[in-house]
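Let us walk through this model together, starting with one chain as a whole and then moving in to single residues. Keep the structure open beside you as you read.

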Amino acid sequence: MSKKQAGFYIDAQRCIGCYSCAMACKNQYHQEPGVHWRYVYPLKEEIYPHRERAWMSLACNHCEHPTCLEVCPVEAYYKREKDGVVVHEQEKCIGCQNCIRSCPYGAPRFNPARHQAEKCSMCYQRLDAGLKPACVQGCPTYALQFIEDMASFDQSGKVQYLAGFPRFPELNPSVRFRPPREPREVRR
Amino acid sequence: MAPIDRKFIERALASPVTRRKFLQGLLVSGALASMPGGLLKAVTSEAGITYEGKYQVFRNACPRNCYDTCSIKTYVKDGVVQFIEGAPESTFTAGALCVKGFSYWRRAYSPDRIKYPMVQQGRGSGNWKRVSWDEAMTRIAKKILEIKKKDDSLLGLGLTKYSGNFGITNYGVEGMMSSLGYTTRFVGTPCWPAGIDAQNYDLGNMWCNDPEDFVHARYAILWGANPAWCSVHTMKFIYEAQERGAKLVVVDPVFSQTAAKADEYWRPNTGQDGALALGMCRHILDKGMYDKEFVTQHAVGFEEFAEYLRREVTVEWAAQKSGIPAQDIAKVAEEFATAKPATIWIGYGLQRHVNGGAMVRAIDALVAMTGNVGKVGGGARYGHLYTWGFNYHALIQKQPEGSKGYVGATGPMGEFDTGQGAKAAKYSDRAVNINQTARMILETNDPPVRMLWVSCKNPFSQDFDLTMLKKAFKKLEMVVVVDQFYNQTVEQADIVLPVTTLLEEWTQNVSYWHYWMSLNEQAIKPMFESKSNIEIAALLSAKMNQLSPGSCTFSPKLNSKKWMEMEFNKGIYDLFGIKSWQDLRKGPVKAKLASSAAWHDYKFKTPSGKYEFKSDLCKEHGHQALPEYLANRKPYAPYRLLTPHSKFNIHSQFQNLDWMAEFNPEPFVYINPKLAAKKGIADGSLVKLSSKVGEMQIKAKLTDNVAPDTLLMYEGWFNKNPYNVQNMVDDTSADMGKWKTGAPGVAIHDQFCDVNPA
């Protein structure tokens, strides 16, 4: 059996930008003020013509070839064999911020209280207990979903690089999107 | 996980300093950033916080004024909440919460909480002094006895309370007032009164389909409703309907987040929804596409309504009034009439107009004439009180012997009151309009309102015409506010009493939208010296009787758990199919419904027993018998001002939390780029708004989500920020609401103002 790669599916058509996912993460991990592992980014008006009406909910993309892992001088990162989750071992972290500088998706964040990096772990402990990540369970519209294995994920109608989401094929981020639609509008 | 710092908790709990000094101390020590770190220690991603079990699990329920009334599961370790989840047992909440729900326990552990009873020397001075509960109660009780002696009644004691906590036991506040004597009550509701009356005229009650049956709709119009922000859990059912092929139309003056999910979005002229609905009715009539069986078998007055439509209404007229082209009105009308079932969700936004009730009646008529009332997946959805059949023991209390009160009219009403039996009594409470708090305090005399008790409410953030409210408060001899945070009303109080959050008390909750019932257990001990509203009532009763035996009938012995137990009855158990409230410990339960459709048996509660296109009762009450067009309010300033709900708060709750401020740090006024260009306003620049009641300065955000003639600010309260939309909003009444809730609604969205660069 080949190893699996878990990921996130972000259905931007269903996403209402409600921030439940981001707060669900905070609720689970009590992040320090100013630090979030998951964030809800509005799409720019050039991409979706209405301000703050279409969104990308992003945390760590648990890339196939994570740059954070490559650049960490103390090997505080490892990729789980069973599901490809990229884990940051905070106890090993020396706070050099190489990972923060190298990740083009801004997933690792600096924790000023601990002077260390930290990032989304895909709630691997919850996965191991047979549960969904907190953000996925906390999404009230099922816009954010957990992909157990990218290899068997149905790709029809889905894209890896939504407009506005930086394209880094060499990293191969483990996320897929469904682009948002626009309604027909009748305005006075 | 990291061990909880018990010493820190003990220190925090024992610290006998005022909030101001406490915050100063934290600033000096640099502890503010992580406060209360002992309780809410940040957890590293590999620390194994997540799910090793060994938690105590409690059941909670969101008691705020929100459609969703979420069922919560709370995970506690060492007496401290570790995290919460949406209860998975409820198919409505389905394991998720909203951004506000997930921040709940930050409320409980917030460093900004009111920790002790406090007395302010000079309202608005910030000169607070900590007092004991005993001293606070002594001051309050003495004042009540003084009023009683001076006036020979307690009508000088006023209560203003609304939707800050709908937990059933919190009706103990009203009970406490009754147990003291006959008092002055601010009655009615700022929320939904015009529509309640409208639906009562048409259908005989306000009763809506189970929102989970949205999935069966083949066509849905969300009219003045923004569930993507105000009922996030309903969205999944609407999406499922869309995925099954239903068309979704959203009608809103704002391109809302819900509108972004529609198949078709209409932005009509604000307050012309009635014209739009009537235009659709006329087109359906002309095409013969109405449901002949429904209008003849289950309704009265359809012929008169049809005659009115033929006489007064055309699609072109509706187009001219609303700004929506005639061909679009005709097209959607035909689609709506053809799809079976089709439904309309009438939001609380569109009834907040001087013609709000009439507009709701016009939309009801559209749903009814197409035969969609009483259908699974259909219905004119507004709200319901179907599951609110509790005993209201805490609410219904006997006045002390010899109490004198108001002579004449009946006592107060409110949409959740179940009748207090005050009608037969010689005296009653004195009811005044909650939507005109300031005006009522200023104009009520013989005796004047001398003392105001505020609970579950933040009038200085949510009531209208603040300039007048400030003036009115000057007339008050004592203001007692029961709250969790030092908000804008607490600033104007003499005495503030700290109240528990949902995690710290027992109660139970039902929704006015879905059909689930949830238990709310005490998950943690009350923080600091906070007490539940029930305990406060008990404490006041003990003090009153100590100072003047027999002066208060509220039981000093019962706690919130006992009151909660007393609220259940056989009717509730049968409705929900449970044997005891203890069954709710296993999870929320849903009412056993004969059908997911309201009015499925066509037994309407109107005088005729049928759907009433023509309502004589409505005419008797001074309105039009038919759902005729009613003109909008005339503008009194150049631009319309809309102040709807934000997704980050429920009225003035939640936005003040530091967790929430991280995602929404500051308020804005939203301005269309065309208007901004005309006025020379840049994105992010400071502007000055002015209306006939007040003015304010705020940063502008440019967006064509609002029309060029409209300015938009979201309501709410930000900690340490003077922002307040109620500076700009007057207290003009809506057309309906007095019948069922005791006072007319308020025309919150019929407001106007000017804007200029600051």
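In chain B, 76% of the contacts (heavy atoms within 4.5 Å) between residues at least 6 apart in sequence join residues at least 24 apart. Before going further, please note that this is a predicted model, in which local features need pLDDT of at least 70, side-chain atom pairs count only at pLDDT 80 or more, and totals for chains, interfaces and linings use all residues. Residues are numbered from 1 along each chain as its sequence is written, chains are lettered from A and ligands numbered from 1 in the order in which they are written, and side-chain values use heavy atoms, with hydrogens and water left out.

The secondary structure of chain B comprises 24 helices and 27 strands; these are DSSP runs numbered from the N terminus, helices being H or I with at least four residues and strands E with at least two. Its radius of gyration is 26 Å, close to the 27 Å that the globule rule gives for 758 residues, so chain B is as compact as a globular protein of that length. That radius is taken over C-alpha atoms, and the rule is 2.2 Å times the number of residues to the power 0.38. Along the principal axes, the C-alpha atoms of chain B fill a box of roughly 75 × 65 × 60 Å. Of the 758 residues, 69% count as buried, meaning under 20% relative accessible area, with exposed over 50% and partly exposed in between (1.4 Å probe, protein chains only).

Now find helix α5 of chain B. Nine of its nine residues are buried, so α5(B) is largely enclosed by the rest of the structure. Among them are B:G172, B:M176 and B:L180. The partners against which the buried residues of α5(B) pack are α4 (133-151), β6, β7 (184-187), β15 (451-455) and α18 of chain B. After the helix comes B:G181, with a positive phi near 150°.

What about aromatic rings? A search of the whole structure finds 64 aromatic pairs over all chains. Rings of Phe, Tyr and Trp (its six-membered ring) pair if their centres lie within 6.5 Å; planes under 30 degrees apart count as stacked, over 60 as edge-to-face and the rest as tilted. One of the pairs is A:Y19 with A:Y39, edge-to-face at 6.1 Å centre to centre and 90° between the planes. A:Y19 lies in the loop between β1 (7-11) and α1 (20-29) of chain A and A:Y39 in strand β2 (residues 39-42), so the pair ties together parts that are 20 residues apart in sequence. A:Y19 is buried at 7% relative accessibility, and A:Y39 is buried at 19%.

In chain B, the rings of B:Y171 and B:Y392 have centres 5.6 Å apart and planes at 80°, so this pair is edge-to-face. B:Y171 sits in the loop between β6 (157-161) and α5 (172-180) and B:Y392 in the loop between β13 (380-381) and β14 (430-433), so parts 221 residues apart in sequence are tied together. B:Y171 is buried at 4% relative accessibility, and B:Y392 is buried at 0%. Elsewhere, ring pairs link a cluster including B:W207, B:Y290, B:W599 and B:F613.

Finally, look at B:F528, in the loop between β19 (516-520) and α18 (533-547) of chain B. B:F528 is buried at 13% relative accessible area, and its C-alpha atom is separated by 9.8 Å from that of B:Y109, 419 residues apart along the chain.
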